[in-house]
Amino acid sequence: MKRRTFLKSLSAAGAATALPMPAIWSSAKAQARQETLLVVSESGPNNVDIHGVGTNVPGYEVSWNCYDRLISHEMKTLPNGTQYYDRDKFKMELAEDMNVGDMSATFKLRKDAKFQDGTPVTAKDVKWSLDRAVSVGGFPTFQMGAGSLTKREQFVVVDDHTVRVDFIKKDRLTIPDLAVIVPCIINSGLVQKHATEKDPWGLEYTKLNTVGSGAYKMTKWQPGAEVILERNDDWKLGPQPKVRRIIWRMVPSAGNRRALLERGDADISYELPNKDFVELREAGKLNIVSTPFSNGCQYIGMNVTKPPFDNVKVRQAVAYAIPYQKIMDAALFGLAKPLYGSGLDKVKDAVWPVAHNYNTDIAKAKQLLAEAGYPNGFETTISFDLGFATINEPLCVLTQESLAQIGIKAEINKVTGANWRTELNKKTMPLYTNVFSGWLDYPEYFFIWCYHGKNSIFNTMSYQSKQMDAFIDGAGDAATSGNKAAYETNVKGFLDLAFADVPRIPIFQPLSNVAMQKNVSGYQYWFHRRLDYRSLVKG
Amino acid sequence: MLGMVLKRLMLAIPSLIGVVIVTFLLTRALPGDPAAYFAGPAATQEAVDQIRKQLGLDQPLPQQFVRYVKDLARGDMGVALTTGQPVAAEIMSRLPASAELTLLGLIVSVLIAVPLGILAATNPGSLLDHTCRIVTTAGVSLPVFFTGLLLVYFFYYLLGVAPAPLGRLDVYFSAPPQVTGFYLIDSLIARDGETFVASLKQLILPAATLAIFALAPIARMTRASMLAVLGSEFVRTAKASGLSPSTVVVTYAFRNAMLPVITTLGMVFSFLLGANVLVEKVFAWPGIGSYAVEALIASDFAPVQGFVLTMAVMYVVLNLLIDILYGLIDPRVRIEA
């Protein structure tokens, strides 16, 4: 290339950019807006198979809508009009009949159910899918285990359309556990074609493809940018969904998600900061539905194995020093259900989450701390997960200020999201805030993970108490045998003990907030807190 | 020239090897534990260990490194856990998005900054010169996410003239058939005018945001370099010979002042490409920067390594291109390898 020709060609290229515009204008681009729902959220799936390695929560949403389970839950209406899943009422999905016996449950499958490729759903597929859930390891296997579903032998094919699930022990969580996201029914024939010796369960294939019988199928997925789901018109397990197409875009900036909603471009969004939800609700241009997390709460935990928090009086002092109301106002903008200041010495009902009787009382906190032998306080650190900094940071700063008033100097330790689980699992942080919520909404389920002496990883305080274990086990046994009175006594027993010993201080029950356009209706709250597209209606 | 190019490429190999080793070690030195992160909030220690084994992270570092290099030699950069896709494919699909945005931003920026710099240099101390100074200072001192959000607020939220900040195309459009990965070019190839306009609309605000930021270095460099050249003897000779001011400035002075400007352009381009993460976040742009940052937050090793390696290769290629351009612009510069 010569210098002069190069310089000349520069100007030639400049002229060439003024290309004539081809005058082809397609007309029907905006046609199906009425039947399309635009969902915007912060992040998208990394895997659309809930059995996959490390599938994230957005991935659960795709799985929920693209696969069916044997059974699901009915809906009930809350006093505020919200549709809320009914923990105690099951609805048949792929099964047309469920017969729960003493040590097994038999499911008769619907004969008209078909996978999205047209092959019928048979008992063989059900067994293969449940086998897969208890075998792949990681989260799905753990979740199945929570309902005492651990062995492949438990799933028996009786005939082409009948499956029996044998119980290894009596557990009232077994049937509810078959209605969570994990035991989804997969097209086993199709997946097996893509299975390899290294990957016997075909996880690589289902990671990218939805191969269920569900009401929606994923037709396009651009990771980190967009997911498109189309309605499966052959789905017959319920009323046909009204929305033909779901376009789910990832919009990382919360400000822009809000702008999209306010301008009317996006139809539905969740995962906005509380402040935005409060302002949107006041503006009144959108429908805002706020529902408390089922079986979950945010708490301040203390490591009870080491001083000073091994002393119950220190823990009570901290519980009296938390600035509850300030946290509600400044960190949450009022969008949460308070779990403090009940005004009752003992809990009234056998339900959870429920408020404890601590409230901010600095004088009492000082006195308790002096009685514990720390009249001048002590130094410690308070840790939080930066991944949820919008709430955690103000919460910890307010707590730090308040603790300083009773002489406790708490240094704030911010932990990045990627590192939080690791730090929590070590169980060495002295003071920290965290959220726990369980899919299965039973008090003893929460307590067996978070307070029981078998010390699961959710017992982040390393709390040990024989009395507590007796109450929790007692409640579990009473539930299985159906002894209502004993159940209530035990549940109240562990609640009162948890509040008296306060290894962790519940602060509030977070709300699951969803904002949608006025013309969008049919939102349902599910235990997994993701959207069920089947019930949504636009226009 | 071909020999020179080959020689230069050979010289880049040791630095690339260094990049591979350093990124591998750096990602391993990150505090997070990917296994615990991807095991999810409801995972037992057992589940975490299982995932660690599946990811091959339970093996000693040297073994992991050997496996990484072996895969790399086959063009396999591993699989990203955050998105579940092969890293090489993701980078290939995301790089054009970033490149299109950056290039457009840079072109807009050059179209404004170069004339501005020239005018400021030909009239030093004038009102125009001060305007140039104010504009560039403001541009470089406003953080890009702020400029971006401000533009979205005015042009999308308040005025409603800009399209929704939803990435490269409005939701109801589908991408043109992929040829170059640049939507503007691909839609022209497909002779799809509507898609061309739609993607251009999506590009305007983010490109403007980048352009505002890139104005400063280019305008300042043009001005400084022009000032130096305008003071030199051959310009005085040209003026004395009675050439028109425009001929003097454009043909004689500017051509000679181009070298440092080109260098700056190269620097600004590669800087923007990696650093427009914030613009990508604001405009939900599926680019390479936001990809790398998301991976970094999740301690997802493979994409971070892939990103740094891709960037290193691009730097090498870009520098080579600039060196070749030097030779074409100024015959006195002959590159010795």
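In this predicted model, A:Lys538 and A:Asp267 form a salt bridge, with their closest N and O atoms 3.1 Å apart. The two residues are 271 residues apart, so the pair links distant parts of the chain. Both partners are buried: A:Lys538 has a relative accessible area of 16%, and A:Asp267 has one of 5%. The points below place this pair beside other salt bridges, a sheet, and the aromatic pairs.

**Salt bridges**

- The salt bridges over all chains number 33.
- A:Lys538 belongs to strand E21 (residues 537-538) of chain A, whereas A:Asp267 sits in the loop between helix H8 (254-262) and strand E11 (268-270) of chain A.
- In chain B, the side chains of B:Arg52 and B:Asp49 form a salt bridge, at 3.3 Å from N to O.
- B:Arg52 and B:Asp49 are 3 residues apart in helix H3 (residues 45-54) of chain B, so about one helical turn separates them.
- B:Asp49 is partly exposed, and its relative accessible area is 36%.
- Another salt bridge of chain B joins B:Arg74 to B:Asp71, where the closest N and O atoms are 2.7 Å apart.
- B:Arg74 is exposed, at a relative accessible area of 62%.
- In chain A, one network of salt bridges with shared partners takes in A:Arg258, A:Glu262, A:Lys275, A:Asp276, A:Glu279 and A:Lys285.

**A sheet of chain A and the helix across it**

- Four strands of chain A form an open sheet in the order E4-E5-E7-E6, with antiparallel pairing.
- Strand E4 (95-100) and strand E6 (155-159) are the edge strands, and each of them pairs on one side only.
- On average, neighbouring strands of this sheet are turned by 20 degrees against each other, direction ignored.
- Strands of a sheet pair through backbone hydrogen bonds, and the pairing is either parallel or antiparallel.
- Strand E5 (residues 104-109) and strand E7 (residues 162-166) of chain A run antiparallel and are joined by 5 bridges.
- A:Thr106 has A:Arg164 of E7(A) as its bridge partner.
- Helix H3 (residues 123-135) of chain A lies across E5, E6 and E7, and runs at about 180 degrees to E6(A).

**Aromatic pairs**

- Over all chains, there are 34 aromatic pairs.
- A:Trp439 and A:Phe527 form an edge-to-face pair, because their planes are at 70 degrees; their ring centres are 5.7 Å apart.
- This pair links distant parts of the chain, 88 residues apart: A:Trp439 lies in the loop between strand E17 (431-437) and helix H15 (443-450), and A:Phe527 in the loop between strand E20 (524-525) and E21 of chain A.
- A:Trp439 is buried at 14% relative accessible area, and A:Phe527 is buried at 2%.
- A:Phe447 and A:Phe494 form a tilted pair, with 4.3 Å from centre to centre and 35 degrees between the planes.
- A:Phe447 is in helix H15 and A:Phe494 in helix H17 (residues 484-501) of chain A, so this pair ties together parts that are 47 residues apart in sequence.
- A:Phe447 is buried, at 0% relative accessibility, and A:Phe494 is likewise buried, at 0%.
- A:Phe447 and A:Phe494 belong to one aromatic cluster, whose members also include A:Phe142, A:Trp352, A:Tyr445 and A:Trp449.

**Confidence of the prediction**

- The average pLDDT of chain A is 88, and 94% of the residues score at least 70.
- Over residues 13-30 of chain A, pLDDT stays under 50; for these residues the model has 17 contacts beyond four places in sequence.

Definitions and conventions. Residues are numbered from 1 along each chain as its sequence is written. Chains are lettered from A and ligands numbered from 1 in the order in which they are written. This is a predicted model: local features need pLDDT of at least 70, side-chain atom pairs count only at pLDDT 80 or more; totals for chains, interfaces and linings use all residues. Side-chain values use heavy atoms; hydrogens and water are left out. Two strands pair if DSSP finds at least two bridges between them. Axes are lines fitted to C-alpha atoms, for helices over the stretch in contact, and angles run from 0 to 180 degrees between N-to-C directions. Contact means heavy atoms within 4.5 Å. A salt bridge is a side-chain nitrogen of Lys or Arg within 4 Å of a carboxyl oxygen of Asp or Glu. Buried means under 20% relative accessible area, exposed over 50%, partly exposed in between (1.4 Å probe, protein chains only). pLDDT is the predictor's confidence in each residue, from 0 to 100. Rings of Phe, Tyr and Trp (its six-membered ring) pair if their centres lie within 6.5 Å; planes under 30 degrees apart count as stacked, over 60 as edge-to-face and the rest as tilted.
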